[in-house]
Amino acid sequence: MSEQDDEIILSELDDEELVQQMFDDLYDGLKEEIEEGVNILLGRDWAPYQVLTEALVGGMTIVGKDFRDGILFVPEVLLAANAMKGGMAILKPLLAETGAPRMGKMVIGTVKGDIHDIGKNLVSMMMEGAGFEVVDLGINNPVENYLDAIATEEPDILGMSALLTTTMPYMKVVIDTLIEKGIRDDYVVLVGGAPLNEEFGKAIGADAYCRDAAVAVETAKEYMARKHNLMAAS
Amino acid sequence: MSPRRTPIPAQEEPGEVADADRVLLIACGALAREILAITKGHSWHHMDLTCLPALLHNAPDKITDAVRACVAKHRDSYQNIFVVYADCGTGGQLKSACDDMGVKMIAGPHCYSFYEGNERFSNEHADEITAFYLTDFLVRQFDAFFWKPMGLDRHPNLRDIYFKHYTKLVYQAQTDDPALTEKARDCANRLGLAFERRYTGYGDLETVLRDQSALSI
């Protein structure tokens with residue numbers, strides 16, 4: 001964040017200083033520095049899951065809060081996300097190998113007629129950071145894509161995203177189809193996107209509207225906790 | 001949010017229309033130039049115009065409240081108020097607000113649609129989902145509306161994140177202006193998109209204003 005940053009040698013920092021520096025580097029969207037920081041922590045025998053949660057998710061949480069408070073704007077969040085993506089690319093294969101905790105599974109996609117995926121990609125990344133397995137269907141998804149994916153992947157959560165007021169009604173088409181097929185209650189349905197609001201989420205029969213990626217993660221965790229409690233009770 | 005200026009008559013000379021028959025057009029600032037061109041061109045002296053900041057284009061969640069406040073502010077001065085906003089990303093909230101307030105608004109999802117003509121846009125271009133549209137106004141204001149707010153002046157590498165799924169820039173021309181066409185072509189190049197120019201004229205905007213003009217006299 002200052003001109004002196006250029007002089008900092010990451011490998012010479014102790015763990016606590018390095019994590020703090022990675023928070024700064026994430027905030028500033030410095031992808032190469034984040035990749036270097038991840039590799040240094042792994043070299044110091046940090047578990048991949050610890051690197052993910054303490055260094056990357058911790059840093060992105062600060063970014064998310066400042067975005068919500070109007071301190072950061074979309075370009076800066078995208079740069080931070082791009083930096084986190086660099087770190088995640090290193091960690092992902094290691095997380096699978098080391099048996100990191102798994103919170104649940106989510107299928108997510110932008111609805112038919114809509115090609116906007118910035119918000120959806122942020123949600124995917126933050127969900128992965130929180131320990132969810134995410135199957136990302138990409139953009140412009142007709143209902144058949146969602147049905148095929150949930151049949152194949154058997155997720156806990158179905159996420160839908162839309163940026164346009166002309167495309168957001170399609171979320172109801174998907175939910176109504178789930179109802180017709182008698183499988184609506186098998187999944188937690190989360191929806192999000194700039195023109196949506198809580199009222200719309202309720203009106204179309206979603207379980208929750210999530211106004212940003214951080215809320216999506218918290219909401220998903222809540223529903224997973226409820227599901228586990230129900231299973232334990234039964 | 002309040003409008004930036006007091007209503008201005010469509011022509012410098014106020015005309016001879018009684019105050020009760022005057023029409024106030026509450027419009028997006030991105031339409032000001034075009035609305036004045038239409039009303040002046042037809043000598044509709046009884047139409048006044050007030051605009052809300054065009055930058056609300058980038059914050060559609062603020063449009064409905066801004067229009068509500070503007071209608072409330074001018075309600076006592078005008079019997080006839082017409083809102084020159086389409087849905088513009090409000091998800092039907094602007095229409096509901098206008099219905100509540102008893103004022104009419106222009107139909108359509110956005111200005112790209114009503115410039116082309118809502119029916120034609122719906123029939124021919126509704127599935128054109130990989131097109132990025134610019135109007136005359138947006139070409140003129142490209143840097144202020146897109147390039148800088150999206151951070152592309154500071155971080156050009158973000159371009160491919162924002163536009164990776166777009167394939168072409170469609171310039172909907174309201175006027176024949178070769179310099180503006182070249183500027184639009186340059187915008188397409190900067191975004192890495194194919195370029196297409198479509199002359200639309202004022203489309204449904206002119207038709208609707210004609211209807212409003214006739215209703216109020």
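Reader: Which residues does Met126(A) touch, not counting residues up to four places away in sequence?

Author: Two residues are taken to be in contact if their C-beta atoms, placed from the backbone, lie within 7 Å. Leaving out residues up to four places away in sequence, Met126(A) touches Met60(A), Ala213(A), Ala214(A), Ala216(A) and Val217(A). Please note that this is a predicted model, in which local features need pLDDT of at least 70 and side-chain atom pairs count only at pLDDT 80 or more, while totals for chains, interfaces and linings use all residues. Residues are numbered from 1 along each chain as its sequence is written, and chains are lettered from A and ligands numbered from 1 in the order in which they are written.

Reader: Which residues of the largest nonpolar core touch the most other members?

Author: A nonpolar core is a set of buried Ala, Val, Leu, Ile, Met, Phe, Trp, Tyr and Cys residues joined through C-beta atoms within 7 Å. Here, buried means that 20 or more other C-beta atoms lie within 10 Å of the residue's own, exposed means 12 or fewer, and partly exposed lies in between, with C-beta atoms placed from the backbone. The largest core holds 67 residues, and Met126(A), Met127(A) and Met171(A) touch the most other members. Helix α4 (residues 74-98) of chain A is the greatest contributor to this core, with 8 residues. Another core lies apart from it, with 52 residues, including Leu49(B), Phe82(B), Leu134(B) and Leu138(B).

Reader: In what order do the 5 strands of the open sheet of chain A stand?

Author: Helices (H or I, at least four residues) and strands (E, at least two) are DSSP runs numbered from the N terminus, and two strands pair if DSSP finds at least two bridges between them. In chain A the order is β2-β1-β3-β4-β5, with parallel pairing. β2 (132-136) and β5 (208-209) of chain A are at the edges with a single partner strand each, so one side of each has no neighbour in the sheet. Within the sheet, β3 (residues 157-161) and β4 (residues 188-192) of chain A pair in the parallel sense over 5 bridges. Opposite Val188(A) in β4(A) stands Ile157(A), and opposite Val189(A) stands Leu158(A).

Reader: Which way do the residues of β4(A) point?

Author: In a regular strand, side chains alternate between the two faces of the sheet. In β4(A), Val188(A), Leu190(A) and Gly192(A) point one way, and Val189(A) and Val191(A) the other. The strand is mostly covered, as 5 of its 5 residues are buried.

Reader: Where is Asp156(A) placed, and what does it touch?

Author: Asp156(A) lies in the loop between α6 and β3 of chain A. Beyond residues up to four places away in sequence, Asp156(A) touches Gly104(A), Lys105(A), Met106(A), Tyr187(A), Val188(A), Met224(A) and Lys227(A). Asp156(A) has 18 other C-beta atoms within 10 Å, so it is partly exposed. The C-alpha atoms of Asp156(A) and Lys172(A), which are 16 residues apart along the chain, are separated by 19 Å.

Reader: What is the phi of Asn140(A), and what is that of Cys88(B)?

Author: Most residues other than glycine have a negative phi. Asn140(A), by contrast, has a positive phi near 55°, and Cys88(B) has a positive phi of about 50°. Asn140(A) belongs to the loop between β2 and α6 (143-153) of chain A, and it is partly exposed, with 19 other C-beta atoms within 10 Å. Cys88(B) belongs to the loop between β4 (80-84) and α3 (93-101) of chain B, and it counts as buried, with 22 C-beta neighbours inside 10 Å.

Reader: How many helices and strands does chain B have?

Author: Chain B has 10 helices and 8 strands. Its radius of gyration, taken over C-alpha atoms, is 18 Å, close to the 17 Å that the globule rule gives for 217 residues, so chain B is as compact as a globular protein of that length. The globule rule is 2.2 Å times the number of residues to the power 0.38. Buried residues make up 39% of chain B.

Reader: Into which domains is chain B divided?

Author: Domain bounds come from an automatic or database domain assignment. Chain B comprises domain 1 (19-112 + 202-215) and domain 2 (121-199), with 25 Å between their centres, taken over C-alpha atoms. Their contact takes 8 residues from domain 1 of chain B and 8 residues from domain 2 of chain B.

Reader: How many residues of chain B are in contact with chain A?

Author: 14 residues of chain B are in contact with 14 residues of chain A. The side of chain B that touches chain A has 6 nonpolar, 7 polar and 1 charged residues. In this classification, Ala, Val, Leu, Ile, Met, Phe, Trp, Tyr, Cys and Pro count as nonpolar, Asp, Glu, Lys and Arg as charged, and the others, Gly among them, as polar.
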